[in-house]
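Hi there,

Here is the structure I promised to pass on. Please have a look, and below I have written up what I found.

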Amino acid sequence: MPKNSKVVKRELDDEVIESVKDLLSNEDSSDDAFKKSELMVDDQEEKDVDAEEGSDVEHERPAWNSKLQYILAQVGFSVGLGNVWRFPYLCQKNGGGAYLVPYLILLLIIGIPLFFLELAVGQRIRRGSIGVWNYISPKLGGIGFASCVVCFFVALYYNVIIGWSLFYFSQSFQHPLPWDQCPLVKNASHTFVEPECEKSSATTYYWYREALNISSSLSESGGLNWKMTICLLTAWVMVCLAMIKGIQSSGKLMYFSSLFPYVVLLCFLIRGLLLNGSVDGIRHMFTPKLEIMLEPKVWREAATQVFFALGLGFGGVIAFSSYNKRDNNCHFDALLVSFINFFTSVLATLVVFAVLGFKANIINEKCVIQNSEKILKLLKMGNLSQDMIPHHINFSSITAEDYNLVYDIIQKVKEEEFHSLGLKSCQIEDELNKAVQGTGLAFIAFTEAMTHFPASAFWSAMFFLMLVNLGLGSMFGTIEGIITPIVDTFKVRKEILTVICCLVAFFIGLIFVQRSGNYFVTMFDDYSATLPLLIVVILENVAVIRIYGIDKFMEDLKDMLGFSPSQYYYYMWKYVSPFVLSCLLVASIVQMGLSPPGYNAWIEDTAMEEFHSYPTWAMIVCISLIVLAILPVPIVFIVRRCNLIDDSSGSLASVSYKRGRIIKEPVNLEGDDTSLIHGKSPSEVPSPNFGKNIYRKQTGSPTLDTAPNGRYGIGYLMADMPDMPGIVV
């Protein structure tokens with residue numbers, strides 16, 4: 001209800017008095033010009049605001065309900081599907097336990113310092129990625145826009161993976177599981193096993209034919225897969241409902257989405273360790289291959305994994321930290337989240353290889369039985385002599401060790417004709433060396449292992465529900481990396497923007513639920529994020545260390561934390577991290593150039609994957625993904641450099657929150673001449689958080705028309721909200 005104008009006037013006067021007291025308490029004693037300034041209050045405009053809001057309660061920028069909620073949000077964002085299906089693969093491929101050494105080194109060199117940097121700038125400036133870099137230097141505002149574009153690209157296909165997990169989760173409430181055995185095909189005369197399944201396996205067939213109903217090439221769209229379309233729609237509805245109120249709604253879900261995966265992983269680890277062969281998998285996993293550790297490729301892949309595991313460059317880290325209080329200990333947060341992420345990767349690796357060890361043991365037992373039967377046939381046919389078989393060997397209950405003994409003897413005696421016998425070695429290490437990652441691990445290898453579990457339906461449902469939660473935790477941070485910067489910059493309502501963003505993403509995402517959709521997922525995963533994010537993070541480092549100033553940034557950290565951070569970060573930010581990131585960028589470009597651009601297509605007739613090169617139109621799409629993600633950086637730089645947009649127009653404005661309502665606050669920055677770059681004292685430069693209703697006019701100064709109603713803002717919200725960022729102290 002509209003309030004009495006006298007009450008409004010009295011409350012406004014009280015706010016002005018408090019604002020002036022806070023402002024003057026922060027000003028230098030020598031700043032006489034500011035102390036002589038006059039306050040001009042627009043009563044009518046304040047009345048209108050109060051009338052529209054109809055509330056006596058003032059709300060600052062949304063904040064986390066608790067520190068635990070914030071930590072869980074950051075953990076949920078950084079810990080994602082890559083920790084479960086990418087890290088174990090890299091660990092196995094690149095030297096087992098030895099891979100942990102370069103990973104930890106690079107985590108300390110680029111991971112933690114850059115994660116700390118993003119947390120600090122978000123908390124210091126309290127804006128999304130666009131506002132943060134526009135605040136440091138308007139010419140570098142394109143960094144934030146580039147982050148938003150990459151977040152959008154990643155969200156498009158990442159939610160498709162959540163949709164796949166939802167589909168498998170929905171199919172897990174059956175016994176036996178639908179991917180347990182190959183389906184039978186009936187015709188007029190007889191029944192036979194589906195040929196495509198017989199040539200591959202039950203889980204492989206279910207993934208490619210039943211779930212994806214995949215086409216044989218990228219160019220053959222095959223129409224929409226309606227099962228996956230419904231799952232994708234469900235995934236976007238879940239994300240939209242969780243994000244529609246920002247951190248006020250998504251924050252509460254973090255308690256479940258971030259903690260549930262750890263419950264499942266621990267349950268799987270305990271169950272896995274009780275399975276036959278699990279110890280073999282874990283032993284194989286952590287047996288170090290030191291010679292592989294020295295290869296440059298191992299360090300490049302470790303650096304890439306560190307980079308993406310922490311979510312650097314996406315803007316989600318900055319967005320989440322921008323809702324913190326200014327004196328929050330973000331250094332502790334950076335260390336805690338980084339090592340929780342590492343611990344999760346190691347835990348997931350233990351689980352994966354305990355289960356894969358069990359699976360390899362089952363396959364090895366089948367191999368032993370089949371080849372023992374071959375040996376018995378060869379003995380009966382006279383191709384092998386009974387004298388070469390040790391007397392203690394019993395083929396009816398032969399062990400893997402006894403079979404390998406017989407195999408070695410036959411190989412030595414029948415050296416020349418051994419290959420014609422068709423015997424296999426049946427070594428469990430051979431199965432464990434078959435490295436799988438991504439969808440091949442989650443939807444084929446792991447699902448096959450779970451079919452041998454007692455109560456397999458329960459474990460399958462738990463596993464895919466865990467994947468859904470891991471995906472949603474990362475999606476919350478990714479969408480926050482889009483929504484928060486746009487809301488902070490363009491003053492749109494968060495609820496409306498969230499709904500529009502999810503709707504647009506769903507309709508664009510329909511290309512991923514065609515029969516050829518899996519190939520588009522691979523394309524986006526390979527080309528939409530890697531190079532753009534590396535460039536974004538390099539520019540972030542340059543913006544803070546070179547343009548803002550490393551010394552000034554260290555002083556800001558001391559002011560926020562209450563203590564001076566270690567000089568270790570000084571040298572990492574200034575010298576080591578930029579060098580390592582530059583090397584990683586060059587190595588990624590070289591790797592992309594050397595690797596033939598293409599994808600693995602599933603061929604129905606052979607029931608095998610076959611490498612196909614991208615057609616010309618697909619190559620154009622790949623290049624466009626990279627260019628579109630980077631394009632905002634030069635565009636904004638040119639626009640700012642040539643003054644093509646008037647800063648006072650509000651097009652790239654800052655934002656503040658008052659009484660739960662967004663207030664538009666145009667930024668009046670002249671090029672890069674701000675206190676952030678030239679080190680002016682707070683008394684020399686106005687705060688970037690300009691108010692709209694309370695302004696100051698210097699005594700004796702002419703009236704200027706560059707601000708609303710011809711007046712400059714005094715940073716009212718800076719005085720009213722001490723946690724909001726002002727100028728460098």
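How many disulfides does the structure hold? There are 2 disulfides (cysteine sulfur atoms within 2.5 Å). Before the details: this is a predicted model, in which local features need pLDDT of at least 70 and side-chain atom pairs count only at pLDDT 80 or more, while totals for chains, interfaces and linings use all residues. Residues are numbered from 1 along each chain as its sequence is written, and side-chain values use heavy atoms, leaving out hydrogens and water.

Cys182 is partly exposed at 26% relative accessibility, whereas Cys197 is buried at 1% (buried is under 20% relative accessible area, exposed over 50%, partly exposed in between; 1.4 Å probe, protein chains only).

Cys367 and Cys426 form a disulfide too, with sulfur atoms 1.9 Å apart, and both residues are buried. Cys502 is a contrast: the closest cysteine sulfur, in Cys240, is 4.2 Å away, too far for a bond.

The UniProt record, an unreviewed entry, lists Gly76, Val79, Asn83, Asn341, Leu470 and Ser474 under "binding site"; its positions use the numbering here, feature names are shortened, and annotations may be inferred rather than shown by experiment. These residues span 399 residues in sequence, yet no two of their C-alpha atoms are more than 12.5 Å apart, so they gather at one spot. Within this group, Asn83 is buried at 2% relative accessibility, and Gly76 is buried at 5%.

Best wishes
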